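Thanks for coming. I will walk through one model this morning, going from the whole chain down to single residues. Please have the viewer open.

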Amino acid sequence: MFTLAEVASLSDIQPTYRILKPWWDVFMDYLAVVMLMVAIFAGTMQLTKDQVVCLPVLQSTVNSKVQPDTSGKADFTTVETTTGQEEASMRTVSLGSAPTVTPDILLSRATTSSQYQPTESGQELKKEQKDSSGRKTNLDFQQYVFINQMCYHLALPWYSKYFPYLVLIHTIILIVSSNFWFKYPKTCSKIEHFVSILGKCFESPWTTKALSETACEDSEENKQRLTGAQSLPKYVSTSSDEGSPSASTPMITKSGFKFSADKPMIEIPSVTILDKKDGEQAKALFEKVRKFRAHVEDSDLIYKLYVGQTVIKTVKFIFILCYTANFVNTISFEHICNPKVEHLIGYTQFECTHNMAYMLKKLLISYISLICVYGFICLYTLFWLFRIPLKEYSFEKVREESSFSDIPDVKNDFAFLLHMVDQYDQLYSKRFGVFLSEVSENKLRGISLNHEWTYEKLRQHVSRNAQDKQELHLFMLSGVPDAVFDLTDLDVLKLELIPEAKITAKISQMTNLQELHLYHCPAKVEQTAFSFLRDHLRCLHVKFTDVAEIPAWVYLLKTLRELYLIGNLNSENNKMIGLESLRELRHLKILHVKSNLTKIPPNITDVAPHLTKLVIHNDGTKLVVLNSLKKMTNVAELELQNCELERIPHAIFSLSNLQELDLKSNSIRTIEEIISFQHLKRLTCLKLWHNKIVSIPSSITHIKNLESLYLSNNKLETLPAAVFSLQKLRCLDVSFNSIAVIPVEIGLLQNLQHFHITGNKVDVLPKQLFKCVKLRTLSLGQNCITSIPDKVSQLLQLTYLELKGNCLDRLPATLGQCQLLRKSGLIVEDHLFDTLPSEVKEVLNQDTSIPFANGI
């Protein structure tokens, strides 16, 4: 037989799972243990005690009617003769509680056999019968054992025999049903992770600290303690007193709004933050909770399994109760047995007593009582399961009691597990909710971040950019350190890949800040901070992957002058673009869009009256629709780069105020439309570089005000004389073409200051080139030039001369007469520089404080 310990082990679960065992499950487990004890007790009694005791029923009425000479035939199927030895073996057997004499020969047989025995034997038998008491039978002990066994299986009801085993089987099924969800692999793994995370969240010092800060945040008492916080160093490491404000709590609150960068501000992290190990563990818990929620919340398998096993227990209870109630009355003390073994025993009917009947009946009634209680608890469980939506869980009360108003409601198995935990202790869910809050996570990150990025460390990362402005670039941080806003002299702030960036009110002390970069950083801005940015920010760069990442407050910066948008703004997303709000940016002058547009969105052209510069950089996507450009009447600079344009768009010719046009990196082959530029009286700069232009039409002479012409990286083979009729031309760039000859007409460009013809096939420099005495930059590298005329000395304003990559043998000594030329501006091979006279090299090596006029 099973021992109680062996059977009870079926209900064993890990001790940590107890938080998922509501009171009804615990109560049913105890009931199951009691039912196991009933089964084991009843089974043990059946195995250790006699089953039944049977006696033959004597047909005395029949015997009295039958004649003495035929009575033996009436009572037995066989007649046996007795010997003297059989008579000597006669013995008395006591059955049950009544003293019954069982001689080997019945009275009826003695009467029958007396017909064949001598008179003396008959007299002795009569004398013995008179001395014995009770009824005499002809059964020996083995025959009684045989009858007891036969009648146990034939006369005793089956329920009386198998009651203990049925109770044991039913109880085992109920125990398995109660704990199956803890054993089933697909639910066990989730439950194990949940219990593990829940325990760590409950015990985490960050939980206590977050709840303590919630209770003490912005309280007057908290502010009063601020002054005495430094005098209480003994509270620095305390993090276990749940809900009680420590000296560190107000310091965190105060440090968030401390504007100055003095020593107390720097020392605050060492006083207020958690131990580094605790902080890292809390960060890991946030990540675990996030991943666990994503894994569990998408299904309701645990809920269904728990409902299923509860239904099974309820059905089992109904089944047990129905059939057990019918068999209560079948358990009785007396039973009539007809074994049909007259040929072996000589009797047809026996009366039996079931010694265990009384005890079994009492145990059965007790078992039915236990089952009824068990069943009512199952019904209550079902009522609880279906009374409220257990696949939804709201942290409304937690949100009301704490400052973490962003704790999300959860659903499916995640919600069900939290409902089960609430039956154990609601404090678990409350403390667990802290790790579902982004506010709580951000607060933890902020504390760790402020501890790591102090004012001194940030100051070390400040640099000066090309515009000689102080710039700070923060990359891949968990947030924006508070100390950033103490850098009051900062001009440019770049935030890149900081998903939880928050600009606080402290930014209002950064009075020099005028340029802000947000690269994949959907920053959140407090109201006071927004007011400051709205009034002071002049330039904003926003880089994004999806248009939804553009912060909404960007469109409300009324004093913004420059806006740079870099990201996906294809035609499908154009309808989502909130650029129509740019109408409010009344001071916006420059709009730079780097994207993959197929057409210029109408939303952009709606702000055209404000714009003076529009830049569109495509990634190679063909820009088809350009008619909306006509609305941009005030645009002075227009750049359409990498837009796969094949011709100059006609819409450009309507921009009467256009001064600079850049069509870089397109697929333009012909520029015959250039004649229409004569209507653009203000056009001074034309950039057609990095295209496929093969020739320059003579109609270019009509652009009389042109000062800069960029035609580098095309397929030009010649320079027409019409180019040199542009008397106002100051910069001409025809680098990296296939030009072999520099026309002598170049001498007509008396205002030419920058001439670039690098990467062509020029072999001879015309003397007329050196009549352009205003040249400051002359790029002649990577050609086939064999000599430099001495007349190069006429270029008195020359500051940059590139000759590298030609076929030169020497450099003219007259280079020393170019007063502004220095070795740093002379790009030649080293051996060529050594061919110069020493006095020339000495002149070129001299440092000069004279600035390069206007640069290159």
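A residue is called buried here when its relative accessible area is under 20%. By that rule, buried residues make up 49% of the 856 residues in the protein chain. Please keep in mind that this is a predicted model.

Now the overall make-up. The protein chain has 26 helices and 24 strands. If we take contacts between residues at least 6 apart in sequence, 57% of them join residues at least 24 apart.

Next, a pair of helices. Two packed helices are described by the angle between their axes and the distance between the axes. Take helix H19, residues 412-424, and helix H20, residues 426-433. Their axes are 6 Å apart, and the packing angle is about 135 degrees. That makes H19 oblique to H20. Which residues in H19 meet H20? On the H19 side they are Phe-414, Leu-418, Val-421, Asp-422 and Tyr-424. On the H20 side they are Gln-426, Tyr-428, Ser-429 and Phe-432. Sorted by class, the contact of H19 with H20 has 6 nonpolar, 2 polar and 1 charged residues.

On to the aromatic rings. A pair of aromatic rings is described by the distance of the centres and the angle of the planes. How many aromatic pairs does the structure hold? The count is 23. I will show two of them.

One is Phe-163 with Tyr-367: the ring centres are 6.3 Å apart and the planes are at 75 degrees, so this pair is edge-to-face. Phe-163 lies in helix H9, residues 158-183, and Tyr-367 lies in helix H17, residues 357-387, so the pair ties together parts that are 204 residues apart in sequence. Both Phe-163 and Tyr-367 are buried.

The other is Phe-194 with Phe-414, with ring centres 6.4 Å apart and planes at 85 degrees, so this pair is edge-to-face. Phe-194 sits in helix H10, residues 185-203, and Phe-414 in helix H19, so here the pair links distant parts of the chain, 220 residues apart. Both Phe-194 and Phe-414 are buried. Recall that Phe-414 is also one of the H19 residues that meet H20.

There is a cluster as well: ring pairs link Trp-181, Phe-182, Tyr-303, Tyr-306 and Phe-416.

The charged end of Lys-457 sits over the ring of Trp-453, 4.2 Å from its centre. Lys-687 lies over the face of Tyr-710, and there the distance to the ring centre is 5.1 Å.

Now some single residues. Is Asn-148 buried or exposed? Asn-148 has a relative accessible area of 18%, so it counts as buried. Asn-148 lies in helix H8, residues 141-154. Leaving aside neighbours within four places in sequence, Asn-148 is in contact with Val-52, Val-53 and Cys-54.

Last, the backbone. Most residues other than glycine have a negative phi. Leu-497 has a positive phi, near 55 degrees. Leu-497 lies in the loop between strand S8, 492-496, and strand S9, 502-503. With a relative accessible area of 35%, Leu-497 is partly exposed.

Gln-782 also has a positive phi, near 55 degrees. Where is Gln-782 found? Gln-782 is in the loop between strand S22, 777-779, and strand S23, 800-802. Gln-782 is partly exposed, with a relative accessible area of 44%.

Conventions
Residues are numbered from 1 along each chain as its sequence is written. This is a predicted model: local features need pLDDT of at least 70, side-chain atom pairs count only at pLDDT 80 or more; totals for chains, interfaces and linings use all residues. Side-chain values use heavy atoms; hydrogens and water are left out. Axes are lines fitted to C-alpha atoms, for helices over the stretch in contact, and angles run from 0 to 180 degrees between N-to-C directions. Helices (H or I, at least four residues) and strands (E, at least two) are DSSP runs, numbered from the N terminus. Angles under 35 degrees count as roughly parallel, over 145 as roughly antiparallel, 65 to 115 as roughly perpendicular and the rest as oblique. Contact means heavy atoms within 4.5 Å. Ala, Val, Leu, Ile, Met, Phe, Trp, Tyr, Cys and Pro count as nonpolar, Asp, Glu, Lys and Arg as charged, and the others, Gly among them, as polar. Rings of Phe, Tyr and Trp (its six-membered ring) pair if their centres lie within 6.5 Å; planes under 30 degrees apart count as stacked, over 60 as edge-to-face and the rest as tilted. Buried means under 20% relative accessible area, exposed over 50%, partly exposed in between (1.4 Å probe, protein chains only). A charge sits over a ring if NZ of Lys or CZ of Arg is within 6 Å of the ring centre and within 35 degrees of the ring normal.
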